[in-house]
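Thanks for coming, everyone. I'll take pockets first, then salt bridges. Please have a look at the screen.

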Amino acid sequence: MTGRVVVVGNGRLPRDLTDEVESADFVLRFNEPKESIGLSGVKTDMLMVSNSGKPMQRRLRDPGYFRSAIVQNAGEIVFPYHPYAIRTYMIRPNWLSSLRGRKADWTIQAVEAFGMAGKEVRIMPPSFYEDGCAELGIPREQMRTVFPSTGYLGLRHVFHHYPEHHVQICGFSWEGWKRHAWSDERGWVEKKIADGRLTMMA
């Protein structure tokens, strides 16, 4: 292994991991890493942010989010969902939610908001999402009802782009939105641990 990557999830951390995170060669975080504030430093080479659904709408309405230390220290913002993937696979709000201003795709508004915060934004191609589903074992006929989490997609991205690095993770609890394939994602991580590519920070 030629380097070390740390992936910080959004769950609780076992202890103060600031030194270990700050000294990593590359640090990836997701969405709104509230639980790790004060326990994992602020180094953020990449912040992967879901550009679809209600959580993104909430972030866009919160100016404090874009002023947060994690967003301000992010070297790059990455959206995992190409607009084509959102149109093709994501759940669309019902008519009542639409009347309240909700929608599936917030890409354009999010690009503008992060750009105004001085951040570069990269949008992953549709194949990024589709290949991630396939590797997780989500059959094509279920891709409109079961969705991989941003954490899984980010981890997979790290393994593909840093094949010679050892990956450490923290703050992963594999729980939350009922439509994520939590058990499959945990099994995928456990296989990486068994293969010696990944360790959990304790």
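Let's start with the second largest pocket. Which residues lie nearest its centre? They are Pro33, Ile37, Ser68, Ala69 and Ile70, out of 16 lining residues. Keep in mind that this is a predicted model. The volume of this second largest pocket is about 230 Å³. Helix H4, residues 69-73, gives the most to its lining, with three residues. By type, the lining splits into eight nonpolar, five polar and three charged residues.

Now the largest pocket. Its space comes to about 1200 Å³. It has 44 lining residues, and Asn31, Ser50, Pro55, Trp177 and His180 are the closest to its centre. Which helix gives the most to this lining? That is H2, with five residues. Helix H9 (150-161) and helix H10 (182-194) also supply at least two residues each. The lining of the largest pocket holds 16 nonpolar, 16 polar and twelve charged residues.

On to salt bridges. How many are there? The count is nine.

First up is arginine 15 with glutamate 20. Their closest N and O atoms are 2.7 Å apart. Buried or exposed? Arginine 15 is partly exposed, at 37% relative accessible area. Glutamate 20 is partly exposed too, at 26%.

Next, glutamate 32 with arginine 59. Here the closest N and O atoms sit 2.9 Å apart. Glutamate 32 lies in the loop between strand E2 (26-30) and strand E3 (46-48), while arginine 59 belongs to helix H2, residues 53-60. So this pair ties together parts that are 27 residues apart in sequence. How accessible are the two partners? Glutamate 32 has a relative accessible area of 15%, so it is buried, the cut-off being under 20%. Arginine 59 is buried as well, with 4% relative accessibility.

Remember helix H2 from the largest pocket: arginine 59 is in that helix, and H2 gives five residues to that pocket's lining.

Last pair: lysine 191 and aspartate 195. Their side chains meet at 3.1 Å, N to O. Lysine 191 is exposed, with a relative accessible area of 53%. Aspartate 195 is partly exposed, at 47%.

One more point, about shared partners. Which residues do such salt bridges join into one network? The members are Glu32, Lys34, Arg58 and Arg59. Glutamate 32 and arginine 59, the pair I showed second, both belong to that network.

Key:
Residues are numbered from 1 along each chain as its sequence is written. This is a predicted model: local features need pLDDT of at least 70, side-chain atom pairs count only at pLDDT 80 or more; totals for chains, interfaces and linings use all residues. Side-chain values use heavy atoms; hydrogens and water are left out. A salt bridge is a side-chain nitrogen of Lys or Arg within 4 Å of a carboxyl oxygen of Asp or Glu. Buried means under 20% relative accessible area, exposed over 50%, partly exposed in between (1.4 Å probe, protein chains only). Helices (H or I, at least four residues) and strands (E, at least two) are DSSP runs, numbered from the N terminus. On a 1 Å grid over the protein atoms alone, a cavity is a set of points where a 1.4 Å probe fits but cannot get out, and a pocket is an open set with protein on both sides within 12 Å along at least five of seven lines; lining residues have an atom within 4 Å of a point. Grid points are joined across faces, edges and corners, and a volume is the space filled by probe spheres set on the points. Ala, Val, Leu, Ile, Met, Phe, Trp, Tyr, Cys and Pro count as nonpolar, Asp, Glu, Lys and Arg as charged, and the others, Gly among them, as polar.
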